[in-house]
Structures are given as C-alpha cells and as structure tokens.
Amino acid sequence: MITKRDAVIISAILLLSIGGVLLPRLLSSGGSAVISIDGKTVRTVSLDKDLTFDEGGISFEVKNGGIAVISSPCRDKICQHTGYISSPAQTIVCVPEKMTVTITGNSDNIDLAVG
C-alpha cells in the first residue's frame with residue numbers, strides 16, 4: 001500500500017530525475033557554426049533552429065543542434081561524408097572549395113581537445 005508520503009517522495013524523485021536530464025539542455029545554448037571560405041568568415045549560423053541554406057555553392061543543413069554539408073561541387077565529397085558536427089572539437093573541411101565549418105560555444109561537454 002502506497003501512502004501519501006511515499007507518493008510525494010516518488011514524485012519528487014521523478015521530477016528531480018527529469019529535471020536533471022532536461023534542464024541542462026534547456027539552459028545551454030546550442031552554440032553556433034562559423035563558415036569560412038578562402039579564409040574569410042562568410043556566415044555565422046545558430047545551431048538552435050533547424051535550417052537549410054546555401055553558401056558559396058555549398059548546401060548546409062542545421063538539424064538537432066548540429067550542422068552538416070549536404071551538397072558540394074567538389075569531386076570527392078569528403079565534406080559531405082563528415083556528417084553532422086556539434087562540438088567545438090569537430091570541424092568540416094572542404095579543401096577544393098577552401099571552406100571550413102567550425103563550432104563556437106557549447107563547450108560544456110568537451111573533456112579534452114588537442115590540436
């Protein structure tokens with residue numbers, strides 16, 4: 001038999017558990033991505049909202065707090081195969097198009113970055 005006191009304790013534990021998972025996501029900014037072509041910053045985009053856009057002939061997609069190259073005129077398509085990045089320790093590079101994507105902010109989940 002569950003008493004009123006047990007129900008209050010169980011509810012408090014559930015609320016704390018849910019809050020512990022959701023609160024950091026709600027409070028932290030998703031960061032932003034800086035897109036540079038030929039060494040010049042051409043666009044800075046927030047990773048908080050899903051978005052698809054083109055810059056310098058390359059198509060990008062922001063989704064679920066990450067960014068990816070979804071189309072590029074380069075031959076090998078290595079930048080497309082990189083997939084979504086969301087951490088400052090990750091970078092997308094397209095050498096033929098002289099393009100880089102780097103993440104700023106949102107460094108709260110990095111243990112160590114070398115390089």
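This is a predicted model: local features need pLDDT of at least 70, side-chain atom pairs count only at pLDDT 80 or more; totals for chains, interfaces and linings use all residues.
Trainee: Thanks. Where is Pro88 found?

Mentor: Look in the loop between α2 (78-81) and β6. Pro88 is 15 residues from Ile103 in sequence, with 4.6 Å between their C-alpha atoms in space.

Trainee: How many helices and strands does the chain have?

Mentor: There are two helices and seven strands. Both are DSSP runs numbered from the N terminus: helices are H or I with at least four residues, strands are E with at least two. Along the sequence the pattern reads α-β-β-β-β-β-α-β-β.

Trainee: And in what order do the four strands of the open sheet come?

Mentor: The order is β2-β1-β7-β6, with antiparallel pairing. Two strands pair if DSSP finds at least two bridges between them. The edges are β2 (40-46) and β6 (91-94), each of which pairs on one side only. On average, neighbouring strands here are turned by 20° against each other, direction ignored. For such angles, axes are lines fitted to C-alpha atoms, for helices over the stretch in contact, and the angles run from 0 to 180 degrees between N-to-C directions.

Trainee: How many bridges join β1 to β2?

Mentor: Six, and the two strands run antiparallel. Ser32 has Ser46 in β2 as its bridge partner. In the hairpin of these strands, with two residues between them, Asp38 takes a positive phi near 55°. On the β7 side, β1 (residues 32-37) pairs with β7 (residues 99-104) over six bridges, in the antiparallel sense. Val34 stands opposite Thr102 there.

Trainee: Now the open sheet of three strands: parallel or antiparallel?

Mentor: Antiparallel, in the order β3-β4-β5. Its edge strands are β3 (51-55) and β5 (66-71), each pairing on one side only. From one strand to the next, the twist averages 30°. Five bridges join β3 to β4 (residues 58-63).

Trainee: What is the bridge partner of Phe53 in β4?

Mentor: That would be Phe60. The chain has one aromatic pair. The ring centres of Phe53 and Phe60 are 5.3 Å apart and the planes are at 20°, so the pair is stacked. Rings of Phe, Tyr and Trp (its six-membered ring) pair if their centres lie within 6.5 Å; planes under 30 degrees apart count as stacked, over 60 as edge-to-face and the rest as tilted.

Trainee: Is Phe60 buried or exposed?

Mentor: Phe60 counts as buried because its relative accessibility is 0%. Phe53 is buried too, at 7%.

Trainee: What sits over the ring of Phe53?

Mentor: The charged end of Arg43, 4.1 Å from the ring centre. The rule asks for NZ of Lys or CZ of Arg within 6 Å of the ring centre and within 35 degrees of the ring normal.

Trainee: Last one: what share of the chain counts as buried?

Mentor: Of its 115 residues, 27% do.

Terms used
Residues are numbered from 1 along each chain as its sequence is written. Side-chain values use heavy atoms; hydrogens and water are left out. Buried means under 20% relative accessible area, exposed over 50%, partly exposed in between (1.4 Å probe, protein chains only).
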